[in-house]
Amino acid sequence: MISEHVRATLINIVGLENYEDSPAERLVYSYDATPQFQSMPDAVISPRHTKDVSDILKICSEHRVPIVPRGSGTNLCAGTCPTQGGIVMLFKHMQQILEIDEENLTVTLQPGVITLEMIEAVEAKGLFYPPDPSSMKISTIGGNINENSGGLRGLKYGVTRDYVIGLEIVLPNGDIIRTGGKLAKDVAGYDLTRLFVGSEGTLGVITEATLKLIPMPETKKTILALYQDIEAAAKSVSTIIANKIIPTTLEFLDQPTLVVVEDFARIGLPTNVKAVLLIEQDGPLQVVERDIQKIAELCKSEHAVSVEVAQSDEHAEALRTARRSALSALARLKPTTILEDATVPRSEIAKMVQAISDIAEKYDVKICTFGHAGDGNLHPTCPTDVRDQEEIHRVEQAFAEIFEKSIELGGTITGEHGVGEMKAPYLELKLGKEGIAAMRAIKQSFDPYNIMNPGKIFAKNERKRVVVTS
């Protein structure tokens, strides 16, 4: 609970209109996009600028009040669920694009900026920001940075961390630091910029970011390869990469996902095939045409029954939009949708796809699989019902085995969703006890009182569903 003294002090910093502690307002921010996790914060606060954030953290540090920085709450690992109470910090007043620097190819902005709005702003100047999480219409840059978000273009262009070159950060004690800058090279000391990218709000609060931009690609083409054999589709992925072609996008959807997405998007996706690969290439016209032709040949050599080239930009965009809608489409099937992101080396995609199918059958659960096959990042997704505890138990057993198989194949428990609280019990599978200890030491050095998003990332003995508390 927050004392009256602390409450009054925080209100004095941000104003009464930016401090909410009514049951209704607290309920709104008691959960994120992760099923089975919900817990009431003690209050919700909205700073107006960096100094406000600094003053808030000084008070919270002094009185040991937990702070949970939150973007739009689209994360899928319970990373912004306030499972230990405290204060949820919003950035609705910190939504400005401060500068688009065309000489240095950078954009500087505040954490509350919506990802797609920033992408559209830089594209209006002929520049390109590649990371494109499926939630980009509503996710914020601050959330993307904290989760190190990926997207459909990650295969060729990388993820958020590859474009964050400078940060302004408020540390848990209220100190304000700046890392990096508009530099092509900077090896002065530890790389604190990269340390904070993907730290899930456990080390400090990001209040400003400088992101790298690149020139807009000259052209792009999209193809859809259809398969009656899931393993052949998965094998095509490694065949394309082995032939030294790196597409912009190389997405996989199995038949159950196709059926649901087509019912949702209604753009004419084939539903009578076992799997499809959605492949896009961008760059100079001659290179794109050469690569697309070669990719089509390789897909056919791996027994694709058909390879179709998008006939227009509108058709290509419809295909991409349909792929981005996969989670929304699947969420219509059952009251609860559990989506994961087990990731393996590209060469192991076929084995992982088959393993997911076998595990689903073993535990008698429905799992639809789609994802960024080109970088090994699969999204096995289970439509279920949290009220059916027996089925939920089988679902959790299935996903635990999927994570174990991913590690066995040289992969990881998460490629882009983060650890948060949901995957904390599985982190030791990837890092081992020694790795966990090293991460705890870093956390302790920055946040000795454990006020920054406590309870996230570090391993627990069991996965625990958290219910609303008043």
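A cavity here is a set of points, on a 1 Å grid over the protein atoms alone, where a 1.4 Å probe fits but cannot get out. The volume is the space filled by probe spheres set on the points, with grid points joined across faces, edges and corners. Its lining (residues with an atom within 4 Å of a point) is made up of E17, N18, Y19, E20, E25, V44, S46 and K92. Sorted by class, that gives two nonpolar, two polar and four charged residues. For the classes, Ala, Val, Leu, Ile, Met, Phe, Trp, Tyr, Cys and Pro are nonpolar, Asp, Glu, Lys and Arg are charged, and the others, Gly among them, are polar.

The largest cavity holds about 50 Å³ of space. Around it sit L224, L253, L258, L269, V276, L278, L319, A322 and R323. Eight of these are nonpolar, none is polar and one is charged. Helix α11 gives the largest share of this lining, three residues.

## What you're looking at

This is a predicted model, where local features need pLDDT of at least 70 and side-chain atom pairs count only at pLDDT 80 or more, while totals for chains, interfaces and linings use all residues. Residues are numbered from 1 along each chain as its sequence is written, and side-chain values use heavy atoms, with hydrogens and water left out.

## A stop on helix α11

A318 belongs to helix α11 (residues 313-324). Helices (H or I, at least four residues) and strands (E, at least two) are DSSP runs, numbered from the N terminus. A318 is partly exposed, with 24% relative accessibility; buried means under 20% relative accessible area, exposed means over 50%, and partly exposed is in between (1.4 Å probe, protein chains only).

Rings of Phe, Tyr and Trp (its six-membered ring) pair if their centres lie within 6.5 Å; planes under 30 degrees apart are stacked, over 60 edge-to-face, and the rest tilted. Take Y129 and Y163: the ring centres are 5.8 Å apart and the planes stand at 70°, so this pair is edge-to-face. Y129 is in the loop between β7 (127-128) and α5 (141-147), and Y163 is in the loop between α6 (154-157) and β8 (164-170), so the pair ties together parts 34 residues apart in sequence. Both Y129 and Y163 are buried.

F196 and F446 also pair edge-to-face, at 5.4 Å centre to centre and 90° between the planes. Since F196 is in helix α7 (residues 192-196) and F446 in helix α15 (residues 427-446), this pair links parts 250 residues apart in sequence. F196 is buried, at a relative accessible area of 0%.

## Charges over rings

Y163 turns up again here: K212 lies over its face, 5.1 Å from the ring centre. The charged end of R64 sits over the ring of Y449, 3.4 Å from its centre. To count, NZ of Lys or CZ of Arg must be within 6 Å of the ring centre and within 35 degrees of the ring normal.

Strands β5 (residues 97-101) and β6 (residues 106-109) run antiparallel, joined by four bridges; strands pair if DSSP finds at least two bridges between them. D101 stands opposite T106 in β6.

Technical notes
1 Å grid on protein atoms, 1.4 Å probe; cavity = no way out; pocket = protein on both sides within 12 Å on 5 of 7 lines; lining within 4 Å.
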